[in-house]
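Reader: Before we discuss terms such as cavity, edge strand and crossing, could you show me the sequence and the model to which they are applied?

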Amino acid sequence: MNEMVKNTGLFALVAVLIVITGISQSWNTALLILNMGLISAIMALGVNLQWGFAGLFNVGVMGFVALGGLATVLIATPPTQGAWGAGGYAIVLGLIMGAATITAAVLVYQRMAKGRLRVFTMLAILIVGFYLFRAVFDSGVSTVEAINPASAGNIGGLGLPILLAWPVGGLLAAGVAWIIGKVALGLRSDYLAIATLGIAEIIIAVLKNEDWLARGVKNVIGLPRPVPFEVDLQRDPQFVERAAGFGMDPVTASTIYVKLEYAALFAVVLIILLWLAQKALNSPWGRMMRAIRDNEVAAEAMGKDVTRRHLQIFILGSAICGVAGAMMTTLDGQLTPGTYQPLRFTFLVWVMVIVGGSGNNFGAVLGGFLIWFLWVQVEPMGLWLMSTITSGMGDGALRSHLMDSAAHMRLFTMGLILLLVLRFSPRGLIPEK
Amino acid sequence: MSSSNPYQDDRGNKDRSIANPAGQGSPMPRSKSGKVSSAPGGPFLIGENMTGGYGKGPDILHDCTISVERGEIAVIVGPNGAGKSTAMKAVFGMLEVRSGRVLLDGEDITQLTPQDRVVKGMGFVPQTSNIFTSLTVEENLEMGAFIRTDDFRDTMAQVYDLFPILKEKRRQPAGELSGGQRQQVAVGRALMTKPKVLMLDEPTAGVSPIVMDELFDRIIEVARTGIPILMVEQNARQALEIADKGFVLVQGRNAFTDTGKALMADPEVRRSFLGG
Amino acid sequence: MDLLNAFITLANFVIVPAIAYGSQLALGALGVTLIYGILRFSNFAHGDTMAFGTMITILITWLFQSWGLSLGVFPTALLALPFGIAGCALFVLMTDRAVYRFYRVQKAKPVILVIVSMGVMFIMNGVVRFIIGPDDHAFGDGERFIISARTFREMTGLQEGLAIRTSTGITVITAIIVVAILFWFLNKTRTGKSMRAYSDNEDLALLSGINPERVVMVTWIIVAALATVAGTLYGLDKSFKAFTYFQLLLPIFASAIVGGLGSPVGAIAGGFIIAFSEVLVTYAWKKVLVYALPDGIGPDGLAQLLSTDYKFAVSFLILLIVLLFRPTGLFKGKSV
C-alpha cells in the first residue's frame, strides 16, 4: 500500500504543478501543458512498450510521430482540385513501380544461384527500375506541384474527419515499423538503434522535400479540428452567457473551453491505451514478452520465435507513437516538417521513459507529464534565475548574452535530470514490479 | 538477463550498433586492495579454509584448503561442478572469500585484488579468454610483462625457448593460432611476469590428446625451472601422474588430499574419480 | 566529347569535396569507434563533443584574431586548435569522472551507458548553445584558395576550373597526420598496445596489470582530440552550427558501422565510403555528362539521382546494404 501512496503522490505532485501554473501564470498555459503532457504520456507509453517490455532500443520516435502528423494531412485536409487527375495516379503508379523494383531485386537475390549473373541481373533490375520509377514519378510530381503552388501544390487529403487520422497515423507508423523491423531485427545481430535513427531522419527529409505529399517546408496550415473554433464560440450568445456566468470574458472562456475539449479527447485515448497496455502486460503475451527479455536463450529453447515477438512489440510501440503524433498535429492545427528535431521528439521521450520508470506503464505516463512540464517551465524559470543573478550587473553585453542563453537551460536541465535519476534511482520514479 | 542490480539489466538488448558485448570485464570482489600482513611459516602458497562464492550468491566453497610448496606441482581434481576452478579463483582473489585466508610466501594476501596478487608474484592462466586474440603473439607476451619496468627481453627469449612455435608465429594475431598454440601463448603470457607461482585453470581443456600430452610435458618443463605450479585438471589420471600433490574436491569441500601417487593408488579415489 | 573538362568538373564538384568530407567523417568515426571498442558503448554525445571542442577553438580563434595573431596563409583556427583540444579533453575527463566512472565501477551493461550518454548529450548540447548560441558562426579568415578556379583556368587554358580551398587542403593533410599518429600510437607504444589489449579482453588486461582507469583516461583524451580536430575542420570547411554537429551523428555512426564498429581502419574506410556515396548520389551530373558524352546525347534534366536533402538517406542506404551482406561491417575482428 505504501507504494500505492507514493505513486499517487507523484501523480498528485504533477497535478499540483500544473494547477500552480494555472494560478500563477494562466490557465491557458496550464491547459496547454496538460494537453501536450497527455500526448507526451502516450509517446512515452509507446517507447516504454518497446524498451521496457522488450529491450528494443528505438531512437527514431521522431519519425513515427511525424508519420502520424502526415496522416492528419492525408486524411483530413480537403482534396486538391484536379490533383489526382493531373498526376496523382502517376505518383502512385511510380511508387508501386519503385516497390516492385525492390521486390523483384530481392526475389532475384533469393531465388537465383549465387554468382556474377545474379549480381548483374539485380543491378539491371535496380537501374532500369529506378529510371522507370523516376520517369513516371517525376512527371506526376511536377504536374501535381504545379497546381496552385501558393496554397496547395500537393495531392491533398480525403476530407474525412480528423479524428479518423489518429488511428490512421498509427497504421502508417505501424507499416513503416514493419519494414524497419523486418530488416533490422532480421539481421543476425540486431541493428535497430541505427536503423531507427536513420529512418527517422529519412522520414523527415521526405516530409520536407516531397511537396506533392504535404507541401514540404511550405507547411500545411489550418487543419480541420475535432473541436469548435474559438471565434465561433465567441459569436455564440449561449456560450457568452454561460462564460459570463463563470465570471469570464468570452475570449478567455473560449480558449479554455477548446483546450478542455482537447484534453478530454486526449485523456480518453490515453486511458484506453494505458488500459490496453496494462492488460497486455499482465496477459500471457506480456508475460512471455518479459520472459524473452529476461532470458532470451531459455525462451528460444522453449520454442518461442523471439524475432517475431520483437517485431510485434516494435510495431505496436511505433503505432502508439504514430497515434500520438497525429494527435499532436491535430492540436497544433498545422504540419510543419521543419520543427521535427530528434532532441525534442526522440530523446526527450526517452528521458520521460527512463525518469518515469522503464517497464512500468504508469511510470512512463508520469514521466511524460513531469518531463513535459519541466521542458516548458524550465525556460521561464531559467530566465527568472538569470535575471535575478544578473540583476546587479547593469545592462551590458554579457548580461544580454546570459539572458538570451537562458533559453537553452532546458536542454541542460533535461540532461541533468536524466543523469540524476539514472544515478540515484536507476529504475525510475515508479519502478517496474 | 535481469538481476538485482539495475545497472546490470540490459533488458535483453542485443543491439550491436550501440552496445559492444565483446571483451567486457566481469565484476571482481574488490576494486581496492586491503592490507598485507606477515604470516611466516606454512606452505609457499595456501588457500586456507576458504569459504565463499560469487558476488552476493550462495557459498560454493566450504572450508576448502589448497596449497602448493616450492618446486612442486599440485593439482586440483574432482567431478564436474565440484568447485575446482572456483577454488583456484578464490586463491587468486576473483571471488569473495568470506572466511579463511590466502597466504603467499609468508604473507597474508587475502585482502589484495587480483592485479596486486600478480604484482606479488602470482601468475594466472584462466580457462577461457586467456589470450588477447587481436594482438600478435609477441604483443601478448609484451602485455604479460606490462607490470615490469625492467628489460624483459631475456624472459621473452626464455618463453620462446620453451615454446619454439611461438617464436615462429610471433607476428601473427594470437586468435589465428590453433587451440594448443593458444594455450602456449596463454602460459607464456603468464610467465612474462617471472611469477613466483603459476596457476593454470584446465590448461588442456578442449585440446586433442596428443596436444594434451605435449602441454603436460611443457608444464613439467616449467616446473623444472623452479616455479611451483597449481593446476586444475579435468583429466584426473594424467594430472595426478605428474602431480606431487593432489586435492580431490567434491561439492566445494576437500574430499581427499595426498600425494599424486597415493591418490592414484587409493581404491576409493580410483573407483569414484578415475573410472576404476 | 571533352573528357578532360568532364574530369575537372568531376574533381571540382565531387572528388575534392568528398575527400574533405570523408576525412572529417573518418576522424569523427574514429572517435566513436574508439569509445565503442574501449568503453563498449556508442556515444550519442559524440556530435556534441565535436561541437564543444570546436566551440572552444572558435572562441580562442576570435581572441587571437582580435589580437591580430595569425598564421599567414593558414587559418588562425589551427593556432587555436591545441587549446580547443585541451579544453575539450578537460571537459570530457570531467564528464568521465562525474558521470561515466560510476557506471564503469558498477560494471554496468553497455546499453545503460548509451542512455547515460544521451544525458551527457543533452547537457553538452545545452552548454554549447548556452555559451556560443544556436546560430551559424564562420571562423575562417575569409575564403582562401590553394588554387582558385580562375587561376586554374588561366594556368591550363581549360574551360572548367578546379578550385581547391585552403581549408580543404588543410583538412586532408591534418587528417592524414592525425591518423598516422593515432595508428603509430595504437600499434607501437606501450600505452597504445595496452588500450588494444583492454579492448580485446578486459579481464585479462586487468590480470596483466593494465590499469583500466588509465586506459580510459587516455582514450577520452584521444577521443576529445579527434572530435575537436574533426569538428574544427568541418567548421572551417563549412561553418559552425551546434545543431549541424548534432546531426553529423548519423553519418558518423554510419561510417563507423559500415567499417565495422571497433575497427579504426574500418572507421576511415567507412568515412570515405559514406562521403563519396553521399556526394555522388546527390550531385547533379548534367555538366559532367554533357562534357563526357558525344554531342547531342547529353541529358536534358539535371541528371541528379536524389535531391541533396536526401544525403542522410544515402548514408543510411549504404549502411543497410553493408549490414545485409556483412553484418559485422567491412573490417570485422580487427578491433582497437
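**Terms and values**

Author: The second largest cavity has a volume of about 110 Å³, and of the 14 residues lining that cavity, A:Leu197, A:Glu201, A:Pro342, C:Phe246 and C:Leu250 are the closest to its centre. This is a predicted model, and the values below are computed from it.

Reader: Which helices each supply at least two residues of the lining of the second largest cavity, and how is that lining divided by class?

Author: From chain A they are helix 7 (192-209) and helix 15 (342-356), and from chain C helix 10 (242-247) and helix 11 (249-259). The lining of the second largest cavity has 10 nonpolar, 3 polar and 1 charged residues.

Reader: Why is a space of this kind called a cavity, and how many cavities of 30 Å³ or more does the search find?

Author: The word cavity applies because a 1.4 Å probe fits at its points but cannot get out, and the search of the whole structure finds 6 cavities of 30 Å³ or more. The largest cavity holds about 150 Å³ of space.

Reader: What makes a residue part of the lining, and which residues lie nearest the centre of the largest cavity?

Author: A lining residue has an atom within 4 Å of a point of the cavity, and for the largest cavity 14 residues line it, with B:Gln24, C:Leu39, C:Arg104, C:Leu113 and C:Glu202 nearest the centre. Two elements give two or more residues to this lining, namely helix 3 (77-105) and helix 4 (110-132) of chain C; helix 3 of chain C gives the most, with 3 residues. By class, the lining of the largest cavity divides into 8 nonpolar, 2 polar and 4 charged residues.

Reader: Turning to chain B, what makes strand 7 and strand 11 edge strands?

Author: The open sheet in question has 6 strands in the order 7-8-9-4-10-11, with mixed pairing. Strand 7 (122-125) and strand 11 (253-259) of chain B each have a single partner strand, so one side of each has no neighbour in the sheet, and they therefore stand at its edges. Neighbouring strands of this sheet are turned by 15 degrees against each other on average, direction ignored.

Reader: How do you know that strand 7 and strand 8 of chain B are paired?

Author: Pairing requires at least two bridges, and strand 7 of chain B makes 4 bridges with strand 8 (residues 197-201) of chain B, in the parallel sense; the two strands therefore count as paired. One bridge partner in strand 8 of chain B is B:Leu200, which stands with B:Val125.

Reader: Which helix lies across strand 7 and strand 8 of chain B?

Author: That is helix 6 (residues 179-191) of chain B, which runs at about 165 degrees to strand 7 of chain B.

Reader: What describes the crossing of helix 1 and helix 12 of chain C?

Author: The axes of helix 1 (residues 3-38) and helix 12 (residues 264-282) of chain C come within 7 Å and cross at roughly 145 degrees, and the crossing is right-handed. The residues of this contact divide into 19 nonpolar, 4 polar and 1 charged.

Conventions:
Residues numbered from 1 in each chain as written. Chains lettered and ligands numbered in written order. Predicted model: local features only at pLDDT ≥ 70, side-chain atom pairs only at ≥ 80, totals over all residues. Heavy atoms only, no water. Axes fitted to C-alpha atoms, helices over the stretch in contact; angles between N-to-C directions. Left-handed = near helix turned anticlockwise from the far one by under 90°. Nonpolar A, V, L, I, M, F, W, Y, C, P; charged D, E, K, R; others polar. 1 Å grid on protein atoms, 1.4 Å probe; cavity = no way out; pocket = protein on both sides within 12 Å on 5 of 7 lines; lining within 4 Å. Points joined across faces, edges and corners; volume = space filled by probe spheres on them. Contact = heavy atoms within 4.5 Å.
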